[in-house]
Amino acid sequence: MTITDLATAPSPAHTGAQGIPYFTPANDPGAALNPTAKTTPTLFRPLKIRDVTLKNRVIVSPMCMYSSASDPASPYVGAFTDYHLAHLGHFALKGAGLVFTEALAVQPHGRISPNDAGLWQEGTQSEQFKGLQRVADFVHSQGGKVGVQLAHSGRKGSTVAPSLAAAKGLVSLKADEGVFGWPSEVVGPSGGEEHVWAPGGVLYWPPRELKTEEVEDIVRAFGRSAELAAKAGVDVIEIHAAHGYLIHEFLSPVTNYRTDKYGGSFENRTRLLREVVSAVREALPAGLPLFLRISATEWLEGQPIAAERGSWDINSSIELLKYLPELGVDLLDVSSGGNHKDQQIKFSTNYQTDLAGLLRKEIHSAGGKTLVGAVGLITQADAASQLVKDADEDEARLAESTLAGTEPKADAVFIAKQFLREPDWVIHAAKKLGVEIHLPVQFGRAF
């Protein structure tokens with residue numbers, strides 16, 4: 001065959017990806033060559049959620065990069081740049097089934113730092129929209145799916161990027177107006193000095209208590225951002241209700257001292273979450289999946305604040321489960337902590353995955369179908385594979401697994417920092433587990 005023949009011969013390398021204005025081979029890295037084979041571990045089997053099918057169960061968890069423009073006068077404020085395209089794109093190129101962007105703030109003062117990304121600008125011609133669309137298009141060209149986490153920082157807002165604080169030898173540093181911070185617009189369910197977030201003695205700005213109508217504005221902001229994300233081509237939306245950010249602050253009696261309809265009882269403290277989920281679900285196409293991240297516990301059991309006020313604990317999370325099906329939540333992303341300086345986290349390799357397993361068991365015991373994602377210190381292929389083993393089996397097989405004490409703890413795994421250390425984690429995991437997978441066409445000669 002001549003060189004000309006090779007250039008024109010039909011092959012995957014000459015099938016261009018669709019939906020982008022440049023040529024790149026249509027890739028599907030990370031997908032198992034034999035996904036339905038009994039020998040293929042669940043980690044590398046597809047997962048269908050509504051109309052979206054993930055080619056494997058490996059999800060890149062949201063990670064803040066603090067790399068967006070900060071000047072509110074710039075049209076690029078909060079927008080993704082070439083950096084984000086390279087950063088997120090290489091996870092897709094190397095086989096992750098679902099790549100989450102970092103958290104996108106639904107309002108300008110919902111960012112953690114001035115350099116955070118957001119999706120509050122109106123319309124499809126904004127730089128925020130176009131930057132997100134560009135990332136989504138590239139991830140799709142590599143056979144992956146892309147998700148965004150919608151968030152509001154609450155009382156943890158208006159701090160400088162951690163790298164800038166570290167350069168001064170500090171864990172954290174407040175951002176004032178001189179670096180485009182918003183000290184007077186740091187908000188929470190309750191306000192004043194007693195509600196300052198102060199981890200390790202590092203003080204943040206005192207929050208201002210949100211008015212009832214402002215809370216309602218935030219609900220609408222989540223809905224608008226979700227609608228824009230879907231138009232940009234995003235496949236999955238996640239609502240961030242964990243780690244002491246705004247929605248979590250409303251959930252917990254530790255930070256919610258309100259006396260209006262958003263405070264007091266469990267029903268009132270969960271109202272913001274339920275309204276946000278409803279607004280987002282209503283804004284999305286019926287076939288687009290909706291995830292929810294929560295802190296399953298605040299790790300405050302036995303602490304004075306919990307004795308005085310109560311806290312958000314595992315029983316609170318179990319109580320929340322009953323609302324999820326009617327709200328249209330498809331997957332519960334189980335994390336923990338982050339809302340009080342006195343938290344006593346019982347660190348181990350399975351400190352959060354056990355929480356995920358417990359909540360998944362509660363869901364299945366009640367006959368529910370909500371999926372569960374596990375996150376936290378998942379670094380090894382064997383451990384990740386074991387977490388989801390047999391998660392897609394029928395009820396009879398699951399009953400056998402339960403009796404054998406091997407019931408799956410999750411339906412998918414969320415991995416964050418390990419992807420920063422090892423971007424080709426999926427390729428290495430497949431090799432370790434003995435799974436043949438598709439590789440990027442351009443990388444073929446290396447393997």
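Me: How do the residues of the lining of the largest cavity divide into nonpolar, polar and charged?

Reply: This is a predicted model. In it, the lining of the largest cavity has 2 nonpolar, 4 polar and 2 charged residues. The lining residues are R155, G188, P189, S190, H195, P207, E249 and T255. Arg and Glu count as charged and Pro as nonpolar, with Gly among the polar.

Me: What makes this space a cavity?

Reply: A cavity is a set of points where a 1.4 Å probe fits but cannot get out. The search of the whole structure finds 1 cavity of 30 Å³ or more. The largest cavity has a volume of about 30 Å³.

Me: How do you know that the span of helix α12 (residues 353-365) is close to the one expected?

Reply: Helix α12 has 13 residues and reaches 18 Å from its first C-alpha to its last. The expected span is 1.5 Å times one less than the number of residues. For α12 that is 18 Å, close to the span found. G367 follows α12, with a positive phi near 80 degrees.

Me: What makes residues of α12 count as buried, and which are they?

Reply: Buried means under 20% relative accessible area. The buried residues of α12 are T353, L355, A356, G357, L359, R360 and I363. Their cover includes β9 (290-295), α10 (314-321) and α13 (381-388).

Note on methods. Residues are numbered from 1 along each chain as its sequence is written. This is a predicted model: local features need pLDDT of at least 70, side-chain atom pairs count only at pLDDT 80 or more; totals for chains, interfaces and linings use all residues. Side-chain values use heavy atoms; hydrogens and water are left out. On a 1 Å grid over the protein atoms alone, a cavity is a set of points where a 1.4 Å probe fits but cannot get out, and a pocket is an open set with protein on both sides within 12 Å along at least five of seven lines; lining residues have an atom within 4 Å of a point. Grid points are joined across faces, edges and corners, and a volume is the space filled by probe spheres set on the points. Helices (H or I, at least four residues) and strands (E, at least two) are DSSP runs, numbered from the N terminus. Buried means under 20% relative accessible area, exposed over 50%, partly exposed in between (1.4 Å probe, protein chains only). Contact means heavy atoms within 4.5 Å.
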